[in-house]
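Work through the exercises below with the model open beside you. Each task is followed by a solution in steps.

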Amino acid sequence: MLDTPEAVFEALRENHDRPHGLQRTVTAEELVEAAEVFEKPDVLVTALLELMTAYEFTGEHRKSPVAFARLLKLWDTAPGSFSEWEAHQVFWRFKWVTTSLLQVPEVPLATVLGWIDRMRERYEAAGHGMQPVAAMGYHVAEHTGVGVADAYDLWVTRPRTDLSDCEACETRGIAGHLLSAGDDEGALDAWRPVLDGSQGCSEEPQSSQARALLPLLRTGRLDEARSHHLTGYRRIRGNTGMQEELGLHLEFCALSRNEGRGLEILAENRGPFEAGGAPLARLEFLTGAEVLLARIVADGLGDTAVAGPPGRNWTAGELLGHVRAEAGPLAAAFDARNGTTAVGDRRRERLGRAPLLDEPLPLGLRTAVTRPATAPGGTAGGPRPPPARRRPSSRSRRTSPTWSGRRGGWPPRAILRSGGCGSGSASASRTAPHRTRTTTGSARRSSWRPSSPTTAPPGPGSRTGAPSSPPDSTVRPVCTRASACPGTRSPPGPASSRGAPPARRTGRPPGRRRRVRARTAAAARTTATRTGAWTTAARTATAARTATAARSAAAVAVAAAVTPRARTRIVSRPAMARRPAPRTRPGTTPRRFRPRSTRCCARPSG
């Protein structure tokens, strides 16, 4: 029941811990409705801020300005209902609303520019610096293509304030400006702090990684491009709030000749086909998908089954037509709103790019084949060469019928069953392995070799189909059952060449007692080793428990020495955010809810 402020705050905490998605957004809307019934608006303020966060991270930019308008009205009528953190968020989220208005082509450009003027007035009245306002002016200029150089200089020359975007997001904006000017090397140099992990936030480095993929390919830094594609895509997979970055990864797959990988990404992210809350980000996603599908159709694979909008089956050609029918008018709507052709020009430039590599960039992944396999020196669809014969492992050699003997002079089981090397049929004698001693120069080595004098199966240090002995070596076969064979120093041959086979021996085979004693001694050594290891582990655990107890006592002493106010500061913010709200007496104000994290910066517009 959400009939008390404490219950609503507790529900807000639980919803804040959920991953961003439809469930979190719907729950945030329900909590706003539940907070409207209370007399004091402090609960409604917190609920509206949480609702804006849900809209921003799930790509619902159409709804975000409406929630902020209600929040700004509460700020004008009841500023005392805002905590210090919430008051800071009011000015911070002016930037969110600016980029949200740019995302919707139905919003006139005059309305967007008027909102920036209103933001400047609010900042001046509150005594804040103008650098964030200049940053929003640059985003609008970059989107429309008018006055980009002047807006960029006005932004980067102003000092940072506590309301400025984080360093990682500003680095992304600077690198994007250099990239638009055609300076790939300069953009990658500017991106270095983000790409190497020195700077980061809730959106970085995955956003910059997606934008740096094609510059890395153009400059020949293929290993870095592969790494940033693999790591960056894992961070944005399934996130409908990062459709633009997803489209850039699709474009990278097409231009690096990894169309199969692109189709897999498309199949894992069908949600953006239905997400319409951020039209500009949707246009960037559709453009990346169109680049990929156009490459597949150009290769003659238009009938390939691909993943598209849910509800029906799609081929590459059908989905390409569907994407073009939607992306073309959407780009035209933005150009009509802006009065320029900047958005359409960027789209046409992306669609006109050719693959940057002659061969597919190895990604270290198994992907679907999107073009017919071509045999070396043959034509597509021709007979494939036979697969290379794999070298059997030591386990397969020991368990295969030909190599069924054991190491260390143990006779094969087939020989034990037959009563000796010379007994049995001729076929059995040909397949029974014998231990031979090969001498090459001064080096000696013992290995299992088959009885065939022509070839030896692959084994350690041998090649497939190689002669059983090298030309310059002397092979002296030694039978492991010397007492059972009439010819101890002669290679095993057909049974008829060695005379009648010896009588089958009964009882234990020779050396059985010696092998039993060896196994018993080995078991005793293993038991002693394990006992020593267990004793050492027990001593280590005892020492660790003693050290832990000493550290705990020291921590208690330090905690007792500091003041209660200092102990409050020691508690980390995430721990404070997860702690449930305390029960309050009737008539008192409950403790405010403060989210642990939020979107740090305003999203740049493409």
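**Exercise 1. Aromatic pairs**

How many aromatic pairs does the structure hold? Then classify the pair Phe68 and Phe94 by its geometry.

Solution. The model is a predicted one. Start with the count: there are 12 aromatic pairs. Next, take the rings of Phe68 and Phe94. Their centres are 5.1 Å apart and their planes stand at 75 degrees. Planes over 60 degrees apart count as edge-to-face. The Phe68–Phe94 pair is therefore edge-to-face. Now place the two residues. Phe68 sits in helix H4 (residues 64–77), and Phe94 in helix H6 (residues 94–103). The pair links distant parts of the chain, 26 residues apart. Finally, check burial. Phe68 has a relative accessible area of 1%, and Phe94 has 0%. Buried means under 20%, so Phe68 is buried and so is Phe94.

**Exercise 2. Extending the aromatic cluster**

Which kind of pair do Phe94 and Tyr123 form, and which residues make up the aromatic cluster with them?

Solution. Begin with the rings of Phe94 and Tyr123. Their centres lie 6.3 Å apart, with the planes at 85 degrees, so this pair is edge-to-face. Then locate the partners. Phe94 belongs to helix H6 and Tyr123 to helix H7 (residues 109–126), so the pair ties together parts that are 29 residues apart in sequence. Tyr123 is buried, at a relative accessible area of 0%. Last, collect the cluster. Phe68, Trp75, Phe82, Phe91, Phe94, Trp115 and Tyr123 form one aromatic cluster.

**Exercise 3. The cores**

Find the largest nonpolar core and the residues with the most contacts inside it. Which helix gives the most to this core?

Solution. Helix H3 (residues 42–57) gives the most to the core, with 10 residues. A second, separate core has 48 residues, including Ala175, Trp191, Leu255 and Ile296. Return to Tyr123 and set aside its neighbours within four places in sequence. Tyr123 is then in contact with Phe91, Trp92, Phe94, His128, Gly129, Met130, Pro132, Val133 and Leu163.

**Exercise 4. Salt bridges**

How many salt bridges are there? Compare the burial of three of them, starting with Arg24 and Glu50.

Solution. Side chains of opposite charge can pair when their charged atoms come close. The count comes to 27 salt bridges.

- Step 1. Arg24 and Glu50 meet at 2.8 Å, N to O. Arg24 is in helix H2 (residues 22–35) and Glu50 in helix H3, 26 residues apart. Both are buried.
- Step 2. Glu224 bridges to Arg221, with the closest N and O atoms 3.0 Å apart. Glu224 is partly exposed, at 32% relative accessible area. Arg221 is also partly exposed, at 26%.
- Step 3. Arg350 and Glu251 meet at 2.9 Å, N to O. Arg350 lies in helix H19 (residues 342–351) and Glu251 in helix H15 (residues 243–255), so the pair ties together parts that are 99 residues apart in sequence. Arg350 is buried at 8%, and Glu251 is buried at 0%.
- Step 4. Look around this last pair. Glu251, Glu284, Glu349, Arg350 and Arg353 are linked in a network of salt bridges.

**Exercise 5. Thr144 and its contacts**

Is Thr144 buried or exposed, and what is it in contact with beyond its sequence neighbours?

Solution. Thr144 is found in helix H8 (residues 131–144). Its relative accessible area is 6%, so Thr144 is buried. Leave out neighbours within four places in sequence. Thr144 is then in contact with Leu109, Asn338, Thr340 and Ala342. Take Leu109 from that list. Thr144 and Leu109 are 35 residues apart in sequence and 9.4 Å apart in space, C-alpha to C-alpha.

**Exercise 6. Charges over rings**

Which residue lies over the face of Trp92, and which over the face of Trp314?

Solution. Lys95 lies over Trp92, at 3.5 Å from the ring centre. Arg312 lies over Trp314, at 3.9 Å from the ring centre.

Terms used:
Residues numbered from 1 in each chain as written. Predicted model: local features only at pLDDT ≥ 70, side-chain atom pairs only at ≥ 80, totals over all residues. Heavy atoms only, no water. Core = buried A, V, L, I, M, F, W, Y, C linked by side-chain atoms within 4.5 Å. Buried < 20%, exposed > 50% of the residue type's maximum accessible area, 1.4 Å probe, protein only. Helix = DSSP H or I, 4+ residues; strand = E, 2+ residues; numbered from the N terminus. Contact = heavy atoms within 4.5 Å. Salt bridge = Lys/Arg side-chain N within 4 Å of Asp/Glu carboxyl O. Phe/Tyr/Trp six-rings, centres within 6.5 Å; stacked < 30°, edge-to-face > 60°. Lys NZ or Arg CZ within 6 Å of the ring centre and 35° of its normal.
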